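Here is a report on one protein model. Keep the sequence and the coordinates open while reading.

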Amino acid sequence: MTAEEESDGERLGRVFLGRVAEPGDETVGRWVREFGVRAVVRRLRRGEEPLPGMSATRWAGLVARAGRAEPERDLARARAAGARFVCPGDAEWPGQLDDLADARPVGLWVRGRAGLRMWALRSVAVVGARACTEYGTHAAATFAAGLAERGWVVVSGGAYGIDGAAHRGALAARGATVAVLACGVDRSYPRGHAALIDRIAEQGLVVGELPPGDHPTPSRFILRNRVIAALTRGTVVVEAACRSGSLATARAAQRLGRFTMGVPGPVTSALSAGVHELLRGEAALVTDAAEVVELVGDMGELAPPRRGPVLPRDLLEPAARAVLAALPGGRAAPTDEIAHGARTTRDEAIARLYELRALGYVERHGDGWKLTRQAMISLRDGHRPC
């Protein structure tokens, strides 16, 4: 048997196992690791004695599914939908999926022209609740657009709510995005996102473990989340209730040693309660894309420091600021009173008062000094220095 035939046999075997076993089946993954793909496929096709670690009932179920598996047909159906099958050993296989150990996918179906491995190297997951608020939708789209503008790939699950907003934000910024589905990549689920998923396939990538035509189930959504977590450098949870499935992505990311981040919401919002619980643990609080990149990016990719506006009075020397703060708001004050309030000498106060006069902060009233109208407006607007 040539090396090419060996490779084709391995690929067909993995397509076969993807049809027979559920995603993330660690028992099947262990069989593949210990016995090899071909041996596992042969045992399932022949219906022989169960492999170690599986009950007779479960084994019978796998054998029954094996009897209906047609890997060549799955490959042909995928080609017709513009998809391909990527498995361990391929140049396109993302090596970080190997961190899943025996729960690693036997392979992935991929729609789109880009290379999955290269895109996954610089990617971030943005996930959250399906039933989200306008705040959550806006935050997800803004985060995704900001990440895309910085050259990062946005990965999400293609669902309603936060997922859809994240994909649209990345697409609107003409960036790269990947949808990881819990069904066959030739299907659009949810149906209301058919146009969005097709656009992602054109501009980005649509990825899934399940073979063409397979439908999603609640358990498959949860298992899908481990792939999102493993593919990316970190996971951002934008909005999630305490029982949100998106928290499973965050927990998987934590188990894999990836960065876990949360976007805070109103403390009165039940839809942010799950995020806040993450933030009470090991998750990092982030408020924009720059802060996400600071965590997941390379050394030196720092978020800009957050400071309030610099006011002209902030540029004054400390002695001048002390004299300015000593002037009463509604009347003129004698020099001695100002000096006492500034805890300085009379001569020093006079010197600083003339300096402040030149800058337009104070004016002379007989033997006293008074704040100018401009300075008073500044104080009323709440810009008085603390």
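## Basis of the model

This is a predicted model: local features need pLDDT of at least 70, side-chain atom pairs count only at pLDDT 80 or more, and totals for chains, interfaces and linings use all residues. Residues are numbered from 1 along each chain as its sequence is written, and side-chain values use heavy atoms, with hydrogens and water left out.

Helices (H or I, at least four residues) and strands (E, at least two) are DSSP runs, numbered from the N terminus.

## The nine-stranded sheet

An open sheet of nine strands runs in the order β1-β2-β6-β5-β4-β3-β7-β8-β9. Its pairing is mixed. Two strands count as paired if DSSP finds at least two bridges between them. The edge strands are β1 (83-86) and β9 (284-285), and each pairs on one side only. β1 pairs with β2 (residues 108-111) in the antiparallel sense, over four bridges. There, Val 86 has Leu 108 of β2 as its bridge partner.

Strands of a sheet pair through backbone hydrogen bonds, either parallel or antiparallel.

## Strand β4 and its crossovers

Strand β4 (residues 153-156) is covered on both faces. Val 153 and Val 155 lie on one side, Val 154 and Ser 156 on the other, and all are buried. Buried means under 20% relative accessible area, exposed over 50%, and partly exposed in between (1.4 Å probe, protein chains only).

β3 (residues 123-127) pairs with β4 in the parallel sense over three bridges. Ser 123 stands opposite Val 153 of β4. The chain goes from β3 through helix α7 (residues 134-149) to β4, a right-handed β-α-β crossover. Right-handed here means that, with the strands pointing away from the viewer, the path from the first strand over the helix to the second runs clockwise. β4 also pairs with β5 (residues 177-181), again parallel and over three bridges. Val 155 has Val 178 of β5 as its bridge partner. With helix α8 (residues 162-172), β4 and β5 make a right-handed β-α-β unit.

## The α7/α8 contact

The axes of α7 and α8 come within 7 Å and cross at roughly 35 degrees. Axes are lines fitted to C-alpha atoms, for helices over the stretch in contact, and angles run from 0 to 180 degrees between N-to-C directions. α7 passes α8 in a right-handed crossing. A crossing is right-handed if the near helix is turned clockwise from the far one by less than a right angle, and left-handed if anticlockwise.

Which residues of α7 and α8 make the contact? From α7 come Gly 136, Thr 137, Ala 140, Ala 141, Ala 144, Ala 145 and Ala 148. From α8 come Ile 162, Ala 165, Ala 166, Gly 169 and Ala 170. Contact means heavy atoms within 4.5 Å. By class, this contact has nine nonpolar, three polar and no charged residues. Ala, Val, Leu, Ile, Met, Phe, Trp, Tyr, Cys and Pro count as nonpolar, Asp, Glu, Lys and Arg as charged, and the others, Gly among them, as polar.

An α-helix has 3.6 residues a turn, so residues three or four places apart point the same way.

## Helix α13

Six of the eight residues of α13 are buried. They are Ala 289, Ala 290, Glu 291, Val 292, Val 293 and Val 296. These buried residues pack against β3, α7, β7, β8 and β9.

## The three-stranded sheet

Three strands form an open, antiparallel sheet in the order β10-β12-β11. β10 (333-334) and β11 (362-365) stand at the edges with a single partner strand each, so one side of each has no neighbour in the sheet. β11 pairs with β12 (residues 368-371) in the antiparallel sense over four bridges. Val 362 stands opposite Leu 371 of β12. Helix α16 lies across β11 and β12, at about 115 degrees to β11.

Most residues other than glycine have a negative phi, and most peptide bonds are trans.

Arg 174 has a positive phi of about 55 degrees. Arg 174 lies in the loop between α8 and β5 and is exposed, at 77% relative accessible area. Arg 343 also has a positive phi, near 55 degrees. Its loop lies between α15 (335-342) and α16 (346-358). Arg 343 is exposed, at 76% relative accessible area.

A cis peptide bond joins Tyr 189 and Pro 190, with omega about 0 degrees. Pro 190 is found in the loop between β5 and α9 (194-203).
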